[in-house]
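Subject: Structure for your review

Dear colleague,

I am passing on the structure below, followed by some notes on what was found in it.

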Amino acid sequence: MAAIFSSLRRRRSPSLEAFLAPTNLNDVALVKTVGSVSSDLISSFSNSSVQFQRKNSRALIRKIEVFVILLEFLSEFSSNLSSTSILCFKELYLLLYRSKILLDYISQSSKLWLLLQHQSISGHFHDLSREISTLLDVLPINELNLSDDVREQIELLQKQSRKSKLFIDKNDENSRLKLYEFLDEFDRGKIPDPVELQKFFLEKLRIRDAQSCRSEIEFLEEQIYHHEGDVEPTASVLNGFVAMTRYCRFLLFGFESDEVELGFMNFKRPTKGLINQEIADTFITIPKDFCCPITLDLMRDPVIVSTGQTYDRASITRWTDEGHTSCPKTGQMLTHTRLFPNLALRNLIMQWCTAHGVVFDPPESADTSAELAAMGSSTRAAVEANKATAGLLIQQLANGSQGAKTIAARELRLLAKTGKDNRAYIAEAGAIPHLRKLLSSSNPIAQENSVTAMLNLSIYEKNKSRIMDEEGCLESIVEVLRFGHTTEARENAAATLFSLSAVHEYKKWIADEGGAVEALARLLRDGTPRGKKDAVTALFNLSTLTDTCTRMIEAGAVTALVGALGVDGVSEEAAGTLALIVRQPMGAEAVGQEEMAVAGLIGMMRCGTPRAKENAVAALLELCRSGGAAAMERVLKAPALAGLLQTLQIYGTKRARRKAASLARVFHRCEGAALQFGGLGIGYAFAGNSTANNDTSFAGDVSLPMSISVPVL
């Protein structure tokens with residue numbers, strides 16, 4: 001019984017009395033305590049009106065009323081109770097608290113949830129009835145010296161309880177079946193009759209406004225969040241009902257409601273952040289089993305190797321491509337290189353991401369057929385219902401009032417936050433041109449909703465070209481980045497540019513858009529921690545294109561990146577971006593002219609993550625090669641560099657060891673290097689191997705945590 005009421009206990013935990021009978025009470029005190037609990041329960045629920053389970057609730061209340069009569073009599077006329085009677089009244093105490101939990105559950109649950117759980121909840125009422133029957137069979141009525149009228153009522157209750165059967169209200173059951181019929185119609189690609197939906201929601205469910213619909217959706221989403229595998233309906237079926245209810249909300253109650261005046265100016269802003277690691281650092285901790293042992297990032301495509309260990313496909317593929325033949329975690333030899341998808345773990349990761357507001361997109365090449373089969377038809381029903389909802393929302397974007405457009409943009413943002421299907425059909429239905437127009441809205445919330453919706457849509461690869469090909473769309477996104485009304489809007493515009501810049505040909509388009517790089521540099525310099533993260537990742541993507549080097553220098557991005565070397569949360573990405581920029585002679589010269597560049601990179605080598613140290617030594621190496629004599633001298637005079645290089649050659653990553661050995665040889669060849677480093681220059685390469693000693697370039701060696709996802713916004 002406790003399992004079905006888990007959601008209620010999460011909302012308001014029951015007191016300890018629900019599980020422990022009272023102790024150290026004499027006979028009279030025990031009877032009065034149980035009588036008080038019974039009376040409170042009657043006063044709380046006798047006049048309450050519930051939509052479903054009315055007959056079962058009333059029947060339970062009537063039985064408790066009989067116990068109240070018994071307890072009132074005993075508290076007044078009886079003083080000595082047998083041990084059996086005391087045991088029975090203690091059990092009655094617990095039974096009353098279980099009854100209260102059930103009645104609370106009925107009064108506080110959503111109407112849709114009560115229908116979906118109709119049979120199960122009816123079973124719990126029947127269980128309580130059987131417990132009452134057992135208690136009355138054990139209770140020594142003859143020892144209580146009851147009056148005739150009290151005894152008669154107790155014996156009648158005993159007789160009725162023995163004959164009680166499971167009662168399932170036919171009207172409630174028919175309503176439950178009708179609800180599934182609507183879902184089945186969506187599953188078959190057919191939108192249910194709007195008149196039938198209206199009649200069902202208004203008359204059967206008595207859901208008569210947008211606020212009630214929102215409450216129903218929120219309750220069902222909470223059940224999905226806390227879903228337990230053995231509880232019906234499944235999470236995928238619940239998703240279908242959420243999608244259907246969202247559709248009915250806009251179909252039946254429209255957009256012009258109190259939400260326009262109260263909601264969109266005070267709506268709860270969602271959690272921001274661009275990278276899964278940032279979300280983890282700021283708000284939640286990613287379960288260890290969900291992280292790849294190689295990169296420590298959230299796995300997108302977990303696979304199993306021959307040793308039975310699980311890694312992210314991209315990470316273990318890169319590991320084997322580098323020539324490794326052992327398991328990174330156990331050190332065992334890999335008997336073969338075949339990779340087997342860990343579908344069970346991927347499903348758990350997807351559920352966790354959904355529950356915690358982290359967007360999860362498995363690679364498009366991943367085999368999801370098994371997952372689709374497992375999810376079944378209810379997922380298709382959710383897709384069809386969401387499609388119908390998207391159609392209504394886009395109509396409002398095109399023709400609605402300003403308030404309706406704001407609401408529509410927000411709802412599209414929410415629809416687009418998860419799932420490739422949602423993002424695909426929203427764009428296919430023509431949302432992007434209308435969202436683009438809303439980017440220039442004078443309403444701060446409308447602008448924030450539209451740019452965030454654009455961001456979520458851009459995660460889907462095919463939508464990137466739709467956004468970039470839309471006339472004026474890139475320009476509008478950059479305008480929001482530069483002059484957006486809210487911090488969130490500017491940050492999400494930066495995240496959108498990062499998402500779009502994943503396509504190589506779009507990097508130059510973005511860099512050439514007036515003010516784009518300058519605005520990213522400004523956000524990196526002056527933004528919030530999450531804004532800095534969005535900006536630095538976008539700059540990193542742009543810097544992978546050699547043609548953007550000039551723009552990065554002119555726009556002040558180099559100065560901003562050097563300053564970010566000392567900022568927690570973005571220093572690693574800043575070092576990686578600088579390592580890319582210094583590949584170009586003009587980039588190396590620009591970085592070399594920054595007073596704090598060498599000191600910042602040395603600091604990364606001393607205190608950074610393994611990946612940050614790798615990027616820092618790579619940047620210093622190229623700075624010596626291409627940055628000119630002044631930059632070389634500044635690096636040579638850096639304190640403690642000799643020890644840092646030696647440490648890195650021993651304990652660094654494979655690439656870091658190679659870079660450190662190469663940098664040591666550069667110093668050794670320089671006149672006076674041995675004297676500068678106290679004769680240690682010759683020994684720098686002692687930890688290097690033959691592969692490292694042939695390193696002359698670091699192209700492709702810049703490393704960043706690229707399991708990057710846009711926020712759930």
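Phe241 is buried, its relative accessible area being 1% (buried means under 20%, exposed over 50% and partly exposed in between, with a 1.4 Å probe and protein chains only). Please bear in mind that this is a predicted model, in which local features need pLDDT of at least 70 and side-chain atom pairs count only at pLDDT 80 or more, while totals for chains, interfaces and linings use all residues. Residues are numbered from 1 along each chain as its sequence is written, and side-chain values use heavy atoms, with hydrogens and water left out.

Across the whole structure, a search finds seven aromatic pairs (rings of Phe, Tyr and Trp, the last by its six-membered ring, pair if their centres lie within 6.5 Å; planes under 30 degrees apart count as stacked, over 60 as edge-to-face and the rest as tilted). One of them joins Tyr180 and Phe241 edge-to-face, at 5.2 Å centre to centre and with 90° between the planes. Because Tyr180 lies in helix α8 (residues 170-187) and Phe241 in helix α11 (residues 235-253), this pair ties together parts that are 61 residues apart in sequence (helices are DSSP runs of H or I, at least four residues, numbered from the N terminus). Tyr180, at 28% relative accessibility, counts as partly exposed.

The rings of Phe182 and Phe200 also form an edge-to-face pair, with centres 5.4 Å apart and planes at 75°; Phe182 belongs to helix α8 and Phe200 to helix α9 (residues 194-204), 18 residues apart. Phe182 is buried at 1% relative accessible area, and Phe200 is buried at 4%.

Best regards

Key
Helices (H or I, at least four residues) and strands (E, at least two) are DSSP runs, numbered from the N terminus.
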